[in-house]
Amino acid sequence: MASYQTVLLDIRDSAAYVTFNRPEKRNCMSPTLHAEMCKVLDEIDQARCKVIVITGAGDAFCAGMDLEGCFLEPFDKPELMAEINTNAFGWFTRLKNHPAVTIGKVNGWCFGGGMALAGVLDIVLAAEESTWGLSEVNFGIFPGGGTTWAYANNMPSRKKALYYALTGETFTGKQAEEMGYATRALPLAQLDAETDRVVKMLSRLGRTVLAKTKEVYEKVRWMDFEPAIDYEMAKLWELSRETNDDWVRTALASFKRREFKPGTQSYTLTRDV
Ligand code: COA
């Protein structure tokens with residue numbers, strides 16, 4: 001595994017653990033971090049990870065874009081700014097479309113671009129004590145670079161979404177859970193154990209079923225019911241083909257022998273499909 005200046009990467013048991021490692025800067029995302037995240041995702045792809053967990057070192061998850069490194073310093077250098085943006089939005093987009101299940105472990109401060117990141121992840125486990133905010137109005141802009149997309153898609157109530165974007169007022173991880181931005185909020189002391197539990201649950205399952213579950217959800221959200229049925233059935237047969245019909249030949253055959261109860265248990269993968 002390569003080593004990086006701004007990110008720690010650990011890959012084990014088909015899960016990748018990514019830690020933003022600029023605690024002295026509250027893990028804000030510098031140009032180097034953006035460039036390194038592109039390489040981190042290359043490594044994760046090569047390892048064919050099923051799960052990616054992203055968190056921050058110290059008391060911050062991510063204080064958003066590095067306001068000096070990404071905006072102030074390159075402001076009069078358009079080529080440099082374009083390169084930074086290509087890296088930043090490149091890895092954000094790759095992560096959003098990634099076949100692995102992406103989990104954010106929001107351990108502390110989460111602002112601006114940090115909320116964009118939390119917004120594109122599949123699952124977010126947040127410390128109740130964490131502090132979140134759309135702080136852009138406080139320095140004279142609106143949330144950009146995917147952050148408006150992220151808050152608009154993760155805060156179902158228009159009144160709450162606009163309230164936080166317009167005032168810049170902060171809210172807690174507990175409130176993030178109530179609004180649906182976080183899957184679950186729990187005391188910081190329990191965050192590691194809960195993340196491990198969720199990773200373990202996902203790691204038991206097949207790579208293909210996890211990836212297709214995500215893909216079908218994202219596409220079907222924008223479809224009418226009847227085309228959705230057609231699409232879901234077509235994708236089901238695609239999954240069946242790609243996994244050598246494992247769901248019937250292994251899982252349902254095992255159910256027929258009453259070896260597990262699918263309501264509360266998963267079948268045992270015989271190979272990594
Ligand atoms: N960009 C650049 N530098 C940042 C930063 C950011 N987004 N967030 C924090 N830092 C830097 C601070 O400038 C400070 O640098 P210094 O030690 O050289 O003075 C260092 O990180 C520590 O930050 P500090 O403000 O002293 O920590 P804190 O714990 O008192 O406050 C925050 C934490 C997150 C509330 C505060 O740092 C902050 O408001 N950051 C900006 C958040 C933001 O608006 N992000 C949106 C960007 S899209």
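Contact means that heavy atoms lie within 4.5 Å. The structure is a predicted model, in which local features need pLDDT of at least 70, side-chain atom pairs count only at pLDDT 80 or more, and totals for chains, interfaces and linings use all residues. Residues are numbered from 1 along each chain as its sequence is written, and side-chain values use heavy atoms, with hydrogens and water left out.

**Exercise 1. The core**

Task: Find which residues have the most contacts inside the largest nonpolar core, and list what Trp91 is in contact with.

Solution.
Step 1. A nonpolar core is a set of buried Ala, Val, Leu, Ile, Met, Phe, Trp, Tyr and Cys residues joined through side-chain atoms within 4.5 Å. Buried means under 20% relative accessible area, exposed over 50%, and partly exposed in between (1.4 Å probe, protein chains only).
Step 2. The largest nonpolar core has 48 residues, and Val18, Phe20, Trp91 and Trp132 have the most contacts inside it. Its largest share, six residues, comes from helix α1 (residues 31–47).
Step 3. Leaving aside neighbours within four places in sequence, Trp91 touches Phe20, Met29, Leu33, His34, Met37, Cys38, Leu41 and Leu117.

**Exercise 2. Strand β3**

Task: State which residues of β3 point one way and which the other way, and name the bridge partner of Ala15 in β3.

Solution.
Step 1. Helices (H or I, at least four residues) and strands (E, at least two) are DSSP runs, numbered from the N terminus.
Step 2. In a regular strand the side chains alternate between the two faces of the sheet.
Step 3. Val51, Val53 and Thr55 point one way from β3, while Ile52, Ile54 and Gly56 point the other way; all are buried.
Step 4. Strands β2 (residues 15–20) and β3 run parallel and are joined by six bridges. The partner of Ala15 is Val51.

**Exercise 3. The open sheet**

Task: Give the strand order of the open sheet and identify its edge strands.

Solution.
Step 1. Two strands pair if DSSP finds at least two bridges between them.
Step 2. The order is β4-β6-β8-β9, with mixed pairing. The edge strands, each pairing on one side only, are β4 (60–62) and β9 (171–172).
Step 3. Two bridges join β8 (residues 131–133) to β9, and these strands run antiparallel. Thr131 has Thr172 as its bridge partner in β9.

**Exercise 4. The ligand**

Task: Find the distance from a nitrogen atom of the ligand to a polar backbone atom of Leu67.

Solution.
Step 1. A polar backbone atom of Leu67 is 2.9 Å from a nitrogen atom of the ligand.
Step 2. For Arg26, an N or O atom in the side chain is 2.9 Å from an oxygen atom of the ligand.

Methods: A polar contact is a pair of N or O atoms within 3.5 Å; within protein, one must be able to donate a hydrogen and the other to accept it, and residues adjacent in sequence count only if both atoms are side-chain atoms.
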